[in-house]
There are 2 protein chains.
Amino acid sequence: MTEFADFLTALTTIVGERHVLIAPDRIASFLIDVRRSYEGQALCIVEPADTAEVSAVVVLCAEHDVAITPVGGNTGLVGGGAVRGKNAADGLERPGIGLSLRRLDRIREISALDGTITVEAGCVLQKIQEAAAEADLFFPLSLSAEGSCQIGGNIATNAGGTAAIRYGVTRQLVLGLEVVLPSGKVINGLKRLRKDNAGYDLKQLFIGSEGTLGIITAAVMRVMPAPKATATAMVALDSIPAALEVLRRMHAAFGERVTSAEITERAYMDLVLRQLKAARPAFAETPTWSLLLEVTDSKDGADLKSPLEETLAATLEDGIAGDVLIAQNAAQAEDFWYLRHGVSEAIRHAGPNMSHDSSVPLERQGEYVSRTRERIIARFPEATPLYVGHLGDGNMHLVVMFSPDRFADRAAYQVVSAELDTIIDDVVVELEGSITAEHGIGLSYRTRLARTTDVAEIALMQGIKAVFDPKNIMNPGKMLPA
Amino acid sequence: MTEFADFLTALTTIVGERHVLIAPDRIASFLIDVRRSYEGQALCIVEPADTAEVSAVVVLCAEHDVAITPVGGNTGLVGGGAVRGKNAADGLERPGIGLSLRRLDRIREISALDGTITVEAGCVLQKIQEAAAEADLFFPLSLSAEGSCQIGGNIATNAGGTAAIRYGVTRQLVLGLEVVLPSGKVINGLKRLRKDNAGYDLKQLFIGSEGTLGIITAAVMRVMPAPKATATAMVALDSIPAALEVLRRMHAAFGERVTSAEITERAYMDLVLRQLKAARPAFAETPTWSLLLEVTDSKDGADLKSPLEETLAATLEDGIAGDVLIAQNAAQAEDFWYLRHGVSEAIRHAGPNMSHDSSVPLERQGEYVSRTRERIIARFPEATPLYVGHLGDGNMHLVVMFSPDRFADRAAYQVVSAELDTIIDDVVVELEGSITAEHGIGLSYRTRLARTTDVAEIALMQGIKAVFDPKNIMNPGKMLPA
């Protein structure tokens with residue numbers, strides 16, 4: 001281990017002793033993911049202060065053939081941030097380090113005229129939302145983990161969230177990136193430009209590449225005019241086609257003002273109501289589907305509530321919706337949102353489960369639900385499939401829950417999990433969807449990516465990886481099938 | 001030439017004799033670009049009927065080491081579509097063919113619920129706009145060449161246009177691509193998905209790659225709720241900072257409803273008025289800058305005109321604007337747009353000129369104009385710099401015009417052109433902009449790309465090119481510096 005003693009000394013020289021974390025109790029929290037599915041292993045966690053230090057750390061790791069896993073808020077759901085070593089050319093396992101971006105947390109600039117905010121990778125998402133709001137602007141990326149996830153991770157995983165229907169996913173919000181390449185070279189692409197066609201758009205590759213091509217250290221993101229008026233409703237529905245008809249009418253009435261359309265199935269809603277003390281039911285009886293709708297307008301004083309009432313009253317009269325609640329104030333809207341955001345927390349302590357994150361074309365969401373439910377129940381009658389989705393994006397989250405004593409051990413769990421993957425992959429392929437709408441690939445979905453993707457595409461991805469990271473030190477083993 | 005006789009026979013077998021154009025008079029129009037800057041050379045122009053034929057043609061070309069230049073509407077401004085041969089490994093010049101996508105012109109599907117339209121690459125942009133409008137939807141890409149440019153070319157060059165301020169550039173409108181790789185392999189990526197994080201997003205590489213990585217044969221594009229209300233105005237201004245203040249107020253008042261903010265400088269407006277018979281001046285005296293503003297709303301009957309009058313009246317009162325005209329009807333709005341769209345036509349017959357297409361951060365557009373004008377006039381006092389821009393995108397087009405007898409020959413022209421490039425590149429780099437906001441690189445800007453881009457980035461681009469097109473048969477010599 002002399003080699004690594006030297007390596008650690010050199011690391012200390014770069015970032016200072018207190019920013020090289022080695023003691024097991026200090027690094028434990030970095031090595032276990034939020035779902036407790038993956039245990040990491042690391043020589044150390046290193047916390048550089050700035051881009052120059054990140055670059056120096058990368059150069060050192062390249063020299064020592066040490067793997068680097070970028071570590072953000074550790075909120076990923078597929079093991080993309082699990083710190084691991086790599087297999088070196090000599091066949092021996094080489095160790096890895098976790099590179100935390102936590103200290104790169106400055107908001108460098110905000111420009112109302114450009115509609116841009118320039119942030120460092122370690123900024124917590126909520127901090128960016130708040131900085132935008134202080135400047136009377138709006139940063140639309142929003143997801144359950146926003147209090148702890150970091151923007152670098154959001155970009156590296158192309159995060160989606162609850163406002164994508166209107167503002168797009170993270171990719172649509174990125175204008176420029178600063179990236180440290182696996183060679184240590186810093187690419188300064190922090191351009192505040194709306195239009196730039198100077199060669200291949202390399203930043204598009206870093207977005208969603210889960211740290212396998214380089215380390216994002218800063219970004220120029222778009223910010224929008226702040227919404228000045230909001231109206232929120234909850235609609236009780238019998239079926240997905242009915243929900244889609246409501247969505248169609250909402251788009252006809254409100255156009256781009258439709259900001260969220262989040263749908264939760266009965267069993268999942270009941271679980272939230274059981275598990276979360278603060279959850280208050282929207283309806284006396286939980287409907288088959290609860291659709292949370294939000295419309296916003298950047299125009300101060302725009303009346304959204306009365307047209308919302310009108311549009312949804314018509315869906316009641318026409319027998320499409322079973323019941324409609326319009327939030328009468330911000331507190332009631334928050335109650336609705338609490339039910340939606342509560343799903344992650346509710347499932348955490350509800351028993352062993354397997355989580356899926358598919359997208360399909362919008363009108364096929366009903367088929368996605370019926371086909372997966374049918375096949376899962378046929379094979380595992382004891383399972384409870386739970387659905388919650390971003391209806392306007394065709395993105396349905398499916399959690400298959402089992403009773404606490406269903407699996408004797410991890411291996412038994414994994415056998416079922418693998419079989420479920422196959423069932424769901426088949427449905428996704430039939431419906432021309434994606435096996436991973438917003439969670440990414442990480443460690444969890446590599447086999448599934450290989451199963452559902454053309455080999456020619458996988459070969460191109462591997463070719464790109466080899467161009468960017470010829471030594472394979474950047475988050476090795478993640479995303480791409482071996 | 002026996003080799004190529006065999007090759008041409010084989011081509012004929014694939015697409016039929018009448019779709020292999022060889023006679024000089026039949027291919028002449030394909031071999032000269034709209035600016036008459038580049039003369040192409042081609043064994044033939046081949047017109048496949050569908051994706052399978054495109055694939056078969058590519059396989060044949062790969063076998064014979066024949067270069068392929070995809071040919072769309074031939075409206076590019078930088079020679080990206082100039083049909084050329086390539087330098088083969090044996091040192092001999094290898095000939096090339098032009099592959100016209102003209103016959104792939106079907107609109108395959110339109111889905112109001114998904115907000116998507118699936119189109120083949122040879123569809124003329126205007127046809128897609130019209131198909132969307134027939135379905136009460138809106139395809140927002142709009143540019144002067146829309147009557148003849150093809151969507152495949154728009155995607156391959158990541159076209160911008162006049163509505164990017166609101167809807168983004170072409171990249172933001174693409175959801176899925178069908179692509180024929182340089183191996184002939186067809187990638188079927190025609191997914192109608194808003195969210196898809198299954199591996200590196202390869203389609204992002206094809207967008208804006210100018211046919212150097214493969215041939216786009218079809219695309220799934222986003223369509224939007226149709227605008228149901230529009231208001232248009234023309235504002236007379238003394239300076240860019242004043243124009244930006246008007247834009248800031250417009251965004252504050254209208255948020256995302258601001259759809260266009262197009263600015264034309266006096267000398268360019270006067271040229272349009274001189275050259276185009278149907279052009280009617282907006283103002284009695286041409287102001288220093290004329291700003292064309294348009295706001296739209298998807299809500300039927302939305303009143304935009306009175307708030308527009310109010311917002312712009314305040315800019316008059318505050319001494320920011322010199323004059324304001326609100327279009328009183330559609331005909332008057334069209335007159336305003338005619339002045340804007342007329343610039344390309346006006347310059348075509350106005351004498352020798354050099355065209356630039358830079359973008360800079362929004363608030364630096366004034367500096368861009370003053371620095372370029374100053375340095376150009378200092379070096380070439382006889383030149384007339386003309387400016388027209390997409391103010392809301394930071395994208396300023398600069399045409400430097402000379403008197404008809406200024407250049408003895410093409411070589412003399414090119415010497416001046418190269419010197420101008422350097423002057424403008426320096427300004428762009430100083431202001432952290434892009435030398436090519438929407439026109440791309442093609443043949444014209446390769447040297448400039450190399451001059452203004454980090455060598456590490458160029459090396460990554462070359463690496464990507466080698467992964468996708470190891471035989472270098474796809475539009476060789478374009479975009480990337482040698």
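A polar contact is taken here as a pair of N or O atoms within 3.5 Å, where within protein one atom must be able to donate a hydrogen and the other to accept it, and where residues adjacent in sequence count only if both atoms are side-chain atoms. The model is predicted, so local features need pLDDT of at least 70 and side-chain atom pairs count only at pLDDT 80 or more, whereas totals for chains, interfaces and linings use all residues. Residues are numbered from 1 along each chain as its sequence is written, chains are lettered from A in the order in which they are written, and side-chain values use heavy atoms, with hydrogens and water left out.

View 1. A polar atom of the B:Thr157 side chain lies 3.4 Å from the backbone oxygen of B:Asn154. Beyond its neighbours within four places in sequence, B:Thr157 is in contact (heavy atoms within 4.5 Å) with B:Gly208, B:Glu438 and, from the other chain, A:Asn197. B:Thr157 counts as partly exposed because its relative accessibility is 26%, on a scale where buried means under 20% and exposed over 50% (1.4 Å probe, protein chains only).

**View 2. The interface between chain A and chain B**. Contacts join 76 residues of chain A to 76 residues of chain B, and the two chains bury about 6,400 Å² between them, 58% of it on carbon and sulfur atoms; buried area is the accessible area (1.4 Å probe) lost on putting two parts together, summed over both. In chain A, the residues that lose the most area to chain B are A:Lys195, A:Asn197 and A:Tyr200, together 16% of what that side buries.

**View 3. Salt bridges and polar contacts across the interface**. Between the chains there are 14 salt bridges, each a side-chain nitrogen of Lys or Arg within 4 Å of a carboxyl oxygen of Asp or Glu. In one of them, A:Glu438 pairs with B:Lys195, with the closest N and O atoms 2.9 Å apart. The count of residue pairs in polar contact between chain A and chain B is 40, both residues being at pLDDT 80 or more. Among the elements of chain A that touch chain B, α17 (455-468) is listed with α9 (240-254), and α17(A) gives the most, with 9 residues.

Note on methods. Helices (H or I, at least four residues) and strands (E, at least two) are DSSP runs, numbered from the N terminus.
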